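Here are some notes for a colleague who is opening this entry for the first time. Please read them with the structure at hand.

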Amino acid sequence: MAYQKYVSKHGAENRLPGLEDLSPEQLFFVGFASIWCESTTEQALLNDLLTDVHSPGKIRVLGTLSNSNEFAKAFRCPIGSPMNPSEKCKIW
């Protein structure tokens, strides 16, 4: 919603070279997900699950975005699909 507010005030952004097939809304979500990108071993993941208070990056991305109506709209995810479940978790 903050991004949409920015676009309404400043106008649409240019497409990125090489990524013209992605809309600015889709690129917003790609940018969000990219900060949680990681490569790990199964043992390191297990250790993190047992010792770290934070969720693994994959869960932070999939859990957040699969519960986002804006994500489903941007990527045209069919309702009931893994990234657009018919029942979403809402905290706030």
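1. Arg-76 is exposed, at a relative accessible area of 70%; this is a predicted model, and the values below were computed from it. Arg-76 sits in the segment after α5, the helix of residues 69-75. Its phi is positive, about 55 degrees, although Arg-76 is not a glycine. Most residues other than glycine have a negative phi. Arg-76 is therefore counted as exposed because its 70% is over the 50% cut-off.

2. Phe-75 belongs to helix α5. Its relative accessibility is 28%, so Phe-75 counts as partly exposed, between the cut-offs of 20% and 50%. Between the C-alpha atoms of Phe-75 and Gly-63 there are 16 Å, with the two residues twelve apart along the chain.

3. Ser-81 is another residue of the segment after α5. Is Ser-81 buried or exposed? Ser-81 is buried, because its relative accessible area of 16% is under 20%. The side chain of Ser-81 reaches the backbone oxygen of Pro-78, at a distance of 2.6 Å.

4. Pro-24 is part of helix α2, which covers residues 24-34. Pro-24 has a relative accessible area of 16%, so Pro-24 counts as buried, under the 20% cut-off. From Pro-24 to Asn-14 there are ten residues in sequence and 8.0 Å in space, taken from C-alpha to C-alpha.

5. Ser-39 is placed in the loop between α2 and α3. With 78% relative accessibility, Ser-39 is over the 50% cut-off and therefore exposed. The C-alpha atom of Ser-39 is 9.8 Å from that of Gly-57, and these residues are 18 apart along the chain.

6. A nonpolar patch lies on the surface: which residues form the patch? Its members are Leu-45, Leu-46, Leu-49 and Leu-50, and together they have about 390 Å² of accessible area. Leu-49, one of these, is in helix α3, which runs over residues 42-51. Taken by itself, Leu-49 has a relative accessible area of 52%, so Leu-49 counts as exposed, being over 50%.

7. How many disulfides does the structure hold? The number is zero. For Cys-37, the nearest cysteine sulfur is that of Cys-77, 19 Å away, and Cys-37 is in no disulfide. A disulfide requires two cysteine sulfur atoms within 2.5 Å, so the 19 Å between Cys-37 and Cys-77 rules out that pair. Cys-37 is exposed, with a relative accessible area of 67%. Cys-89 is in no disulfide either, and its nearest cysteine sulfur, again that of Cys-77, is 17 Å away.

8. On annotation, UniProt lists residues 2-91 under "domain: Peptidase M13 C-terminal", in an unreviewed entry. Over residues 2-91, the chain is 52% helix and 0% strand. The C-alpha atoms at the ends of this range are 18 Å apart.

Conventions
Residues numbered from 1 in each chain as written. Predicted model: local features only at pLDDT ≥ 70, side-chain atom pairs only at ≥ 80, totals over all residues. Heavy atoms only, no water. Helix = DSSP H or I, 4+ residues; strand = E, 2+ residues; numbered from the N terminus. Buried < 20%, exposed > 50% of the residue type's maximum accessible area, 1.4 Å probe, protein only. Patch = residues over 30% accessible without salt bridge, like charges linked within 9 Å, V, L, I, M, F, W, Y side chains within 5 Å. Areas by Shrake-Rupley, 256 points an atom, 1.4 Å probe, with all protein chains shown as cover. Salt bridge = Lys/Arg side-chain N within 4 Å of Asp/Glu carboxyl O. UniProt positions renumbered as here; feature names shortened; annotations may be inferred. Polar contact = N/O pair within 3.5 Å; in protein donor to acceptor, adjacent residues only side chain to side chain.
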